[in-house]
Amino acid sequence: MSVSSSGLVGLADGSARALSGPGLYAYSERIDSWTVRASKPVSYEVRVADGLFDLTRTDLLEPAGVPGQRVRRLVVLDANVDLLHGNRIRAYFDYHDVEYRLCVVPANETVKDFDVAARVVRELDDFGIDRRREPVIVIGGGVLMDIVGLASSLYRRGTPFIRVPTTLIGLVDAGVGAKTGVNFNGHKNRLGTYFPADLTLLDRSFLATLDRRHIGNGLAEILKIALIKDVRLFGLLEEHGPMLLDDKFQGESEQGDEVAREVVRRAIHGMLEELQPNLWETTLERCVDYGHTFSPTVEMRALPELLHGEAVSVDMALTTVIAHHRGLVDTVDRDRVLAVMRSLELPVWNELLSRSELLTAALRDTVRHRDGLQRLPLPRGIGEAVFVNDLTERELLDAVAGLESLAREQEEDRV
């Protein structure tokens with residue numbers, strides 16, 4: 001129903017009348033169609049908060065709630081994070097006299113399903129959350145943030161939540177966007193919503209307890225931003241990637257700290273720069289889809305062999321070779337890209353790529369979700385991207401063969 005300044009409303013019998021009031025008049029006519037238009041502003045904050053659980057910090061107490069009443073928080077915590085950091089998290093909330101409940105959830109890609117989201121919803125209901133003043137807090141990696149984000153978006157049609165990413169991929173990718181989701185029917189993130197957290201708090205100190213492989217997992221998403229839009233970021237990874245792996249972004253030296261800060265900030269800024277004007281993905285040509293054309297299918301078929309970022313790395317290696325065959329990337333830059341992947345200890349090849357029916361099915365699935373076109377982002381040199389809609393199966397298979405040969409050469413060189 002369109003309601004103009006005259007206050008026109010439709011009636012059940014198909015007629016219309018004006019609401020009473022100064023300057024309004026009454027009339028009647030047949031109405032057979034109504035159009036409702038509304039808009040809702042969206043605003044959320046991503047904030048660097050190193051030392052988040054220092055007792056002097058109060059970021060997690062925002063908003064404070066009703067004056068004179070204890071702050072209440074439901075905290076959904078990754079089970080691994082609880083083992084490593086649970087004591088200091090509990091000490092923080094105890095120190096600030098918060099009435100809280102910890103919901104500890106084992107979270108990884110193999111259990112990223114609606115049953116886990118439903119468990120979070122039951123915890124919300126049991127705790128009796130006040131959705132106006134008591135945001136849910138999720139502390140964990142991208143999988144748990146996606147699950148809790150979906151549960152929060154569904155509970156009472158929208159309950160605010162705060163994200164505290166504890167993995168590198170959470171810091172630079174999963175923790176800064178608007179999407180939530182769980183896997184369904186063998187497909188990655190098939191159920192989901194657009195529902196950004198009100199606040200995301202970034203604390204690099206959590207990365208100190210990650211294993212080396214999970215640092216590399218996050219570096220894959222940073223490399224994605226570098227390849228499609230930030231040549232300076234690529235240079236930092238090319239020069240300092242192994243140091244970032246060794247230091248786990250903790251800045252063990254002055255230079256290491258400066259590099260870690262710049263890499264994280266450039267990755268986040270680049271991601272948000274792409275997301276902000278297209279938050280609901282109404283425009284389907286998205287540079288940040290780079291590395292995410294074939295990887296969802298490969299990742300789901302390879303579970304638990306490949307982490308998300310590792311599947312993205314394989315996808316980026318393949319599409320770099322496709323771009324090279326098209327003359328978009330020269331041989332020198334192609335080899336630089338593959339060398340950086342290796343230096344970050346990321347895979348450039350997986351045997352699933354040799355299954356042509358899997359890749360063609362992945363491309364068909366991508367076309368369905370991109371409104372009938374491939375909209376395939378490919379690198380143009382390093383730091384730019386173009387979109388193509390004419391990738392053929394023959395071209396794809398030639399690129400697979402080329403990548404397999406390059407990967408074999410790299411392995412031989414390492415030996």
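Student: Which helix and which strand each supply at least two residues of the lining of the second largest cavity?
Tutor: In this predicted model, they are helix H3 (142-154) and strand S7 (161-165). The largest share, three residues, comes from H3.

Student: OK, and which residues line that second largest cavity?
Tutor: Met145, Asp146, Gly149, Phe161, Arg163, Ala174, Lys179, Thr180 and Phe195. By class, that lining has four nonpolar, two polar and three charged residues.

Student: How much space lies in there?
Tutor: About 30 Å³ in the second largest cavity.

Student: How many cavities of 30 Å³ or more does a search of the whole structure find?
Tutor: Two. About 60 Å³ of space lies in the largest cavity.

Student: How do you even find empty space like that?
Tutor: You roll a probe the size of a water molecule over the atoms, and that shows where empty space is left.

Student: Got it. Which residues line the largest cavity?
Tutor: Val48, Asp50, Leu171, Leu202, Asp203, Arg204, Arg261, Val264 and Arg265. Sorted by class, you get four nonpolar, no polar and five charged residues.

Student: What gives the most to the lining of the largest cavity?
Tutor: Helix H7, with three residues.

Student: Let's stay with H7. How far apart are its end C-alpha atoms?
Tutor: They are 32 Å apart. H7 has 22 residues (254-275), and at 1.5 Å a residue it should span 32 Å, so the two values agree.

Student: Which residues of H7 are buried?
Tutor: Gly256, Val259, Ala260, Val263, Val264, Ala267, Ile268, Gly270, Met271 and Leu275. Seen down the helix axis, the buried residues of H7 fall within an arc of 160°, so they line one face.

Student: Why would residues three or four places apart point the same way?
Tutor: Because an α-helix has 3.6 residues a turn.

Student: And which residues are exposed on the other side of H7?
Tutor: Glu254 and His269.

Student: How many residues of each class are in the lining of the second largest pocket?
Tutor: Nine nonpolar, three polar and five charged.

Key: Residues numbered from 1 in each chain as written. Predicted model: local features only at pLDDT ≥ 70, side-chain atom pairs only at ≥ 80, totals over all residues. Heavy atoms only, no water. Helix = DSSP H or I, 4+ residues; strand = E, 2+ residues; numbered from the N terminus. Expected span 1.5 Å × (residues − 1). Buried < 20%, exposed > 50% of the residue type's maximum accessible area, 1.4 Å probe, protein only. Arc of directions from axis to C-beta. Nonpolar A, V, L, I, M, F, W, Y, C, P; charged D, E, K, R; others polar. 1 Å grid on protein atoms, 1.4 Å probe; cavity = no way out; pocket = protein on both sides within 12 Å on 5 of 7 lines; lining within 4 Å. Points joined across faces, edges and corners; volume = space filled by probe spheres on them.
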